[in-house]
Amino acid sequence: MSWGQGVPALRTRVYIDGYNLYYGCLRKTAFKWLDVLALFETHILPTILYRPAPDSPPATMALHPDCAIKYFTAKIIESASKGEDSVSSQAHYHNALTTHCGGRLSFVMGHYALYKANQHIVPADDPKRWPRDCDKIQVWKLEEKQSDVNLALQLYDDALSGDIDQIVLVTNDTDLAPALEMLEARCPHIVRGLVIPTRKVGAGGDLEREANVSLAKHAHWVRRHITDDELRASQLPDVVPGHRRASVKPHSWYAKPHHLAKMLEMARPVLRSEGEILKWARRESAHLGGRRPIDLIETDAGAVEVFDYIEAYIRDQLDKTGQPDDLSS
């Protein structure tokens, strides 16, 4: 079990329910470009205080060197996607993660099923009326298929392999409770960790979702939320170099996409192309106190600084030469 000197480390693999992670922590946030390997290796696992026995020291946890994370998801169907760039954005993200994690992360793909179905209508004037007494309407239904089954089978098979000492399940889906229960019965030597993909919201810091009891009762330890600070500190680089082409963070995934669009528009007269503008924006600028424009536009106040600098620079160049010069000079 030990991968070095001192206290034995639990050989750990993380199993991520991508649908649950997205809707629990990432949807409508600026944290979608998430480096899940850094999140668990640097931030979450070091915070876990698990003792194999009441009088034993806390266990150390080491992500498996070959396959640290298995990520269960499905490709978005374009005809049902909410954003025009949803399909390409997901592809860029998957490529970025695969490249950046250097083979320590693998995707296990299910699929989405889109079909028409008849559903009962809840009457506004009588919301407690039984479904059998309600009219029906035809609707589109979108369901993710196979991901739960894939996750349960992979988790159980890995536990039997002898390659790991601990599984960390990232979900709040009760459909996976039977998998944890079976693992508890058949592989009691495997430590079972549970991370609930949810955030604290509001002034009181209330959890958006509580841990499902049916899952938590089969886990040795439970992490009940992921913090915004952890998500913010675990972002991939804006550009992840690839073998053939780079994976670039989608514009719509920035905290303030309208600030990015305005910066691109304002800087185009001096840097000509979007690529050159973003290259400038990702460098520290002495004119902006050593800060990066791409970081500044994440806030309204910072964006004003960037816009004012670009405007002043162009105005100054026009006064000197009659035409704008390269902003990065």
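Is Y71 buried or exposed, and what is its relative accessible area? Y71 is buried, at a relative accessible area of 6%; buried stands for under 20%, exposed for over 50% and partly exposed for what falls in between, with a 1.4 Å probe and protein chains only. Here are some notes to read beside the structure.

1. **What you are looking at.** This is a predicted model, in which local features need pLDDT of at least 70 and side-chain atom pairs count only at pLDDT 80 or more, while totals for chains, interfaces and linings use all residues. Residues are numbered from 1 along each chain as its sequence is written, and side-chain values use heavy atoms, with hydrogens and water left out.

2. **Overall layout.** The protein has 329 residues, of which 43% count as buried. You will find 11 helices and 13 strands; these are DSSP runs numbered from the N terminus, helices being H or I with at least four residues and strands being E with at least two. Along the principal axes, the C-alpha atoms fill a box of roughly 80 × 70 × 45 Å. For a sense of scale, the C-alpha atoms of F307 and H64 are separated by 46 Å, and these residues are 243 apart along the chain. F307 belongs to helix α11 (residues 300-321) and is buried, at 9% relative accessibility.

3. **Aromatic pairs.** There are seven aromatic pairs in the structure. Rings of Phe, Tyr and Trp (its six-membered ring) pair if their centres lie within 6.5 Å, and planes under 30 degrees apart count as stacked, over 60 as edge-to-face and the rest as tilted. One of the pairs joins W33 and W253 edge-to-face, with 5.9 Å centre to centre and 70° between the planes. W33 sits in the loop between α1 (18-26) and α2 (36-44) and W253 in the loop between β13 (247-248) and α8 (257-271), so this pair ties together parts that are 220 residues apart in sequence. Both W33 and W253 are buried.

4. **Back to Y71.** The ring of Y71 pairs with that of F107 in a tilted arrangement, 5.2 Å centre to centre and with 55° between the planes. Y71 is in strand β3 (residues 69-73) and F107 in strand β4 (residues 105-109), so the partners come from distant parts of the chain, 36 residues apart.

5. **Other ring contacts.** Y19, Y22 and Y23 are linked into a cluster by ring pairs. Elsewhere, Y254 has the charged end of K249 over its ring, 4.3 Å from the ring centre. A charge sits over a ring if NZ of Lys or CZ of Arg is within 6 Å of the ring centre and within 35 degrees of the ring normal.

6. **Salt bridges.** Side chains of opposite charge can pair when their charged atoms come close. The structure holds 18 salt bridges, each being a side-chain nitrogen of Lys or Arg within 4 Å of a carboxyl oxygen of Asp or Glu. One of them joins E143 and K141, at 3.4 Å from N to O. Both ends are partly exposed: E143 has 23% relative accessibility, and K141 has a relative accessible area of 26%.

7. R282 meets D238 at 3.6 Å, N to O.

8. **A loop contact.** D173 is in the loop between β7 (166-170) and α5 (177-186) and is buried, at 17% relative accessibility. A polar atom of the D173 side chain lies 2.9 Å from the backbone nitrogen of D175.

9. **A surface patch.** L114, W140 and L142 make a nonpolar surface patch of about 310 Å². Patches take residues with over 30% relative accessible area and no salt bridge, joining nonpolar side chains (Val, Leu, Ile, Met, Phe, Trp, Tyr) within 5 Å and like charges within 9 Å. L114 is in strand β5 (residues 111-120) and counts as partly exposed, at 32% relative accessibility.

Technical notes: Accessible areas come from the Shrake-Rupley method with a 1.4 Å probe; for residues, only the protein chains shown count as cover. A polar contact is a pair of N or O atoms within 3.5 Å; within protein, one must be able to donate a hydrogen and the other to accept it, and residues adjacent in sequence count only if both atoms are side-chain atoms.
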